[in-house]
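I opened a notebook on this structure to look up its sheets, one of its helices and the ligand shell. The entries follow in that order of interest, ligand side first.

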Amino acid sequence: MSQPSLHIFETADATVMALADFFVRTARESIAETGRFSVALSGGSSPKKLYELLATPEYSTQVNWEKVDFFFGDERYVPADDPDSNALMVKKALFDPLRIPESNIFTVDTRLSPDEAAGKYTEAIRKRYQAEQVRFDLVLLGLGDNSHTASLFPHTPILHDTSVSVKAVFLSDQNVYRISMTAPLINLAHHLAFLVYGKGKAEAVASVLNGAEEIENHPAQLIRAAEGDVHWFLDKPAASQI
Ligand SMILES: O=C1O[C@H](COP(=O)(O)O)[C@@H](O)[C@H](O)[C@H]1O
């Protein structure tokens, strides 16, 4: 298993720009090789800047967006028009500005029960890959200050899930559900890229990358590419305790 590659930049903006370059390069390579590019997007607060940058002419003109299939690594179990919805955030930042065809966007149906929504999303992913191994070209990830990534939260049963699937995750401290890809599904990707910036993430970054293995407390340690590569795009404050 290869070691993660660390890419550390002076500012958050420079970090986001480097990941946008990586996204474009990966998309172009994949489209040239296979005719399409599949990406699982991250949610939360950090990636919004990335999606907005990808929508600018400097980046958007470099990718044939009709050949890109967008999935979500995780989703909040909220209505599609809720301000917490990851899909809504990406719609505003990227899909609408670029007029991405609906048929290329695979969202979690949160009108269903959490388990049904997760099951239906697993089916949608399997359908996209048909007889092939389910293997995203790129999975984008963030890191919470509690070391969660996607919706793999500390002390939740999904951390022990060995299936290549999507599961409902109940967060008892917040009394909410989230829907998340399992670590085995994420780890099959050709490329995995974390985007983490800000001093508030420094301790989590150091624990995940350099700390003793403690999956229950630091779930992002579960992310190890089965055959692909893992990249961490960090600003200096986030990398300051490595
Ligand atoms: O990978 C992910 O990480 C975040 C944590 O991101 P933050 O930028 O809001 O701190 C997570 O909650 C998000 O849904 C996920 O895709």
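Residue classes, noted before counting: I take Ala, Val, Leu, Ile, Met, Phe, Trp, Tyr, Cys and Pro as nonpolar, Asp, Glu, Lys and Arg as charged, and the others, Gly among them, as polar. The model is predicted, so local features need pLDDT of at least 70 and side-chain atom pairs count only at pLDDT 80 or more, while totals for chains, interfaces and linings use all residues. Residues are numbered from 1 along each chain as its sequence is written.

Entry, ligand. I found 13 residues, and the closest are Ser 42, Gly 43, Gly 44, Ser 46 and Gly 142. By class, I noted nine polar, three nonpolar and one charged residues in this shell.

Entry, parallel sheet. Helices (H or I, at least four residues) and strands (E, at least two) are DSSP runs, numbered from the N terminus. Two strands pair if DSSP finds at least two bridges between them. I read off an open sheet of six strands with parallel pairing, in the order E1-E9-E8-E5-E2-E3. Strand E1 (5-9) and strand E3 (68-72) are at the edges with a single partner strand each, so one side of each has no neighbour in the sheet. Neighbouring strands here are turned by 20° against each other on average, direction ignored; axes are lines fitted to C-alpha atoms, for helices over the stretch in contact, and angles run from 0 to 180 degrees between N-to-C directions. Within this sheet I checked E5 (residues 138-141), which runs parallel to E8 and is joined to it by four bridges. Leu 138 has His 191 in E8 as its bridge partner.

Entry, helix H7. Which residues of H7 (residues 202-210) are buried? With buried meaning 20 or more other C-beta atoms within 10 Å of the residue's own, C-beta atoms being placed from the backbone, I listed Ala 202, Ala 204, Val 205 and Val 208. Down the axis of H7 these fall within an arc of 165°, so they line one face of the helix; the arc is that of the directions from the helix axis to the C-beta atoms. Their cover includes strand E8 (191-196) and strand E9 (229-235), where contact means C-beta atoms, placed from the backbone, within 7 Å.

Entry, antiparallel sheet. I also noted an open sheet of three strands, E4-E7-E6, with antiparallel pairing. E6 and strand E7 (residues 176-181) pair over six bridges, and Lys 167 has Ser 180 in E7 as its bridge partner.

Definitions and conventions:
A residue is buried if 20 or more other C-beta atoms lie within 10 Å of its own, exposed if 12 or fewer, and partly exposed in between; C-beta atoms are placed from the backbone. Two residues are in contact if their C-beta atoms, placed from the backbone, lie within 7 Å. A residue is near a molecule or strand if its C-beta atom, placed from the backbone, lies within 6 Å of it.
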